[in-house]
Amino acid sequence: MPPTSERLPRTAVIREVGLRDGLQSIATILPTEHKRAWIRAAHAAGQREIEVGSFVPARLLPQLADTAELLAFAKTLPGLFASVLVPNLRGAESAIAGGADLMIVPLSASHAHSLANLRKTPDEVVAEVARIRAARDAAGSRTLIEGGVGTAFGCTLQGHVAKSEVLRLMQALLDAGADRVSLADTVGYADPAMVRDLFEDAVRLAGDRFWCGHFHDTRGLGLANVAAALDVGVARFDACLAGIGGCPHAPGASGNVATEDLAYMLGSMGIATGIDIAALLALRRRVAQWLAGETLHGTLWRAGLPKTFPHQAAIAA
């Protein structure tokens, strides 16, 4: 394994969000049997955190109507940490009933995006998290609550989003009962300097409760932004297989960084992910067939692994 900088983590986790963040943004409705095969193959390739869907009304997102079934299936796979997105208390109750390991409550730091996406102000979302925490505790559930602060670097609707507001909302989520918080560059405005600046303060504020970085590759800086977050000690990132998805309020936005590209970059840097990249690329080929006609992203699938790639870094845990 190549030498690793003292500032970089030795291991990192890639949370697969293609089954939610990716599929919700495209027209194709993938059959449940294909989604189960995706989860099974991702698990076999070494992925241990997968966001399997979102508990939202099927009329709004028919692509995710089978989330309860997928959650039940995910729970049968050993060592798999299954998460779901929940926009409100009703969704959280479904996540609790289904035994999700974690539920992610999205909050937009941009007031305009929050109203457009969730029909709530950011502080109303914080209040909803407090209700979700109360319901979780009353049920005796062990489902963790993650408050995900989106549009943390700006917004296509509002423009500038102040760092002070992002940090205020992170603290408010923790005060309301979130177990963890994360930051998302929802519309792809961030650059590495911006990431380093905000993430340093976020880690200082939340400590080990700062959980995840979520970067879209809209302007080609997704992996560079991951590298900047690694520099300040963040070691968990969302990614979409084949970079699918986007944001309905960010025209032209690609999805998250491609899972296979991120796994390659981390492995090449000597950071272990536990992922078999060859198996991941095989899964990508299957998903590409299932999503024929949809726009896919990523570059590793074209070029392949270089002869100098430290294969052991990709599979060592």
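H216 sits in the loop between β7 (210-215) and α9 (222-231), with helices (H or I, at least four residues) and strands (E, at least two) taken as DSSP runs numbered from the N terminus. At 3% relative accessibility, H216 counts as buried; buried here means under 20% relative accessible area, exposed over 50%, and partly exposed in between (1.4 Å probe, protein chains only). Its side chain makes a polar contact with the side chain of N256, at 3.5 Å. A polar contact is a pair of N or O atoms within 3.5 Å; within protein, one must be able to donate a hydrogen and the other to accept it, and residues adjacent in sequence count only if both atoms are side-chain atoms. The C-alpha atoms of H216 and T186 are 6.2 Å apart, although 30 residues separate the two along the chain.

A quick word on the ground rules. This is a predicted model, in which local features need pLDDT of at least 70 and side-chain atom pairs count only at pLDDT 80 or more, while totals for chains, interfaces and linings use all residues. Residues are numbered from 1 along each chain as its sequence is written, and side-chain values use heavy atoms, with hydrogens and water left out.

Now to the sheet strands. Strand β5 (residues 144-150) has 6 of its 7 residues buried, so it is largely enclosed by the rest of the structure. On one pairing, 7 bridges join β5 to strand β4 (residues 102-108), and the two run parallel; strands are said to pair if DSSP finds at least two bridges between them. L102 has L144 as its bridge partner in β5. Another parallel pairing, with 4 bridges, links β5 to strand β6 (residues 180-185), where E146 stands opposite R180. Together with helix α7 (residues 163-176), β5 and β6 make a right-handed β-α-β unit; right-handed means that, with the strands pointing away from the viewer, the path from the first strand over the helix to the second runs clockwise.

The loop between α7 and β6 holds D179. A polar atom of the D179 side chain lies 2.8 Å from the backbone nitrogen of I145. Leaving aside neighbours within four places in sequence, D179 is in contact (heavy atoms within 4.5 Å) with R133, R136, T143, L144, I145 and R209. T151 is buried, with a relative accessible area of 0%.

R119 also has a positive phi without being a glycine, at about 60 degrees, and belongs to the loop between α5 (111-118) and α6. At 74% relative accessibility, R119 counts as exposed. S114, in helix α5, is buried with a relative accessible area of 0%. The S114 side chain reaches the backbone oxygen of K120 at 2.4 Å, and S114 touches S108, R119, K120, T121, P122 and V125, not counting residues up to four places away in sequence.

Helix α4 (residues 89-98) has G91, A92, A95 and I96 as its buried residues. They cover an arc of only 140 degrees around the axis, which puts them on the same side of α4; the arc is that of the directions from the helix axis to the C-beta atoms. These buried residues pack against α3 (67-74), β3 (81-85), β4 and α6 (122-138), while the face turned away from them carries the exposed R90 and A97. At the N-terminal end, N88 caps α4, with a side-chain oxygen 3.3 Å from the backbone nitrogen of R90. Just after the helix, G99 takes a positive phi of about 75 degrees.

As for the greasy part, nonpolar side chains tend to be buried together in soluble globular proteins. Not counting residues up to four places away in sequence, F199 touches F153, L183, F210, G213, F215, A229, V232 and V234.

Finally, strand β8 (residues 236-239) is covered on both faces, with R236 and D238 buried on one side and F237 and A239 on the other. β8 pairs with strand β1 (residues 13-16) in the parallel sense over 4 bridges, and I14 stands opposite F237.
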